[in-house]
Amino acid sequence: MDIGTHALASLAMSRAIFPRAPKLLWAFTIPAGVIADVDAFSALIKPSVYLSWHRTYMHSLLASLIIAGIFVATHRVWASRN
């Protein structure tokens with residue numbers, strides 16, 4: 001999937017699971033769905049780096065859980081301030 005598809009899929013899934021969630025959640029849902037594609041920037045370094053990094057570490061289950069935990073904690077802190 002490309003970045004736009006990841007963003008749309010993240011938004012659709014969050015709206016399907018939490019239909020009455022505040023729109024502030026969108027500000028955290030979309031980046032959380034797109035952050036795994038940050039490894040695409042490795043193509044700016046060298047093609048060989050891109051081939052060795054693309055869809056490896058950032059697309060693992062462990063990285064997904066860590067990223068989700070960071071975004072959940074950030075959302076809780078942000079939402080409690082408002």
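User: How many residues does helix α1 have, and what does it reach from its first C-alpha to its last?

Analyst: Helix α1, residues 3-17, has 15 residues and reaches 21 Å from its first C-alpha to its last. That is close to the 21 Å expected at 1.5 Å a residue, where the expected span is 1.5 Å times one less than the number of residues. Helices here are DSSP runs (H or I, at least four residues) and strands are E runs of at least two, numbered from the N terminus. This is a predicted model, in which local features need pLDDT of at least 70, side-chain atom pairs count only at pLDDT 80 or more, and totals for chains, interfaces and linings use all residues. Residues are numbered from 1 along each chain as its sequence is written, and side-chain values use heavy atoms, with hydrogens and water left out.

User: Which residues of α1 are buried?

Analyst: H6, A7, S10, L11 and S14 are buried in α1 (buried is under 20% relative accessible area, exposed over 50%, partly exposed in between; 1.4 Å probe, protein chains only). They cover an arc of only 130 degrees around the axis, which puts them on the same side of α1; the arc is that of the directions from the helix axis to the C-beta atoms.

User: What covers them, and which exposed residues are on the face turned away?

Analyst: The cover over the buried residues of α1 includes α2. The face turned away from the buried side of α1 carries the exposed residues L8, M13 and A16.

User: Moving to α4, which residues are buried there?

Analyst: A63, I67 and H75 are buried in α4. Seen down the axis of α4, its buried residues fall within an arc of 95 degrees, so they line one face of the helix. These buried residues pack against α2. On the face turned away from the buried side of α4 are the exposed residues L61, L62, L65, R76 and S80.

User: And how many residues does α4 have?

Analyst: Helix α4, residues 61-81, has 21 residues. Its reach from first C-alpha to last is 31 Å, close to the 30 Å expected at 1.5 Å a residue.

User: Where is F41, and is it buried or exposed?

Analyst: F41 lies in the loop between α2 (24-34) and α3 (47-53). F41 is exposed, with a relative accessible area of 56%.

User: What about the chain overall: how many helices and strands?

Analyst: The chain has 4 helices and 0 strands. Buried residues make up 22% of its 82 residues. The C-alpha atoms fill a box of roughly 45 × 25 × 20 Å, taken along the principal axes.

Note on methods: Contact = heavy atoms within 4.5 Å.
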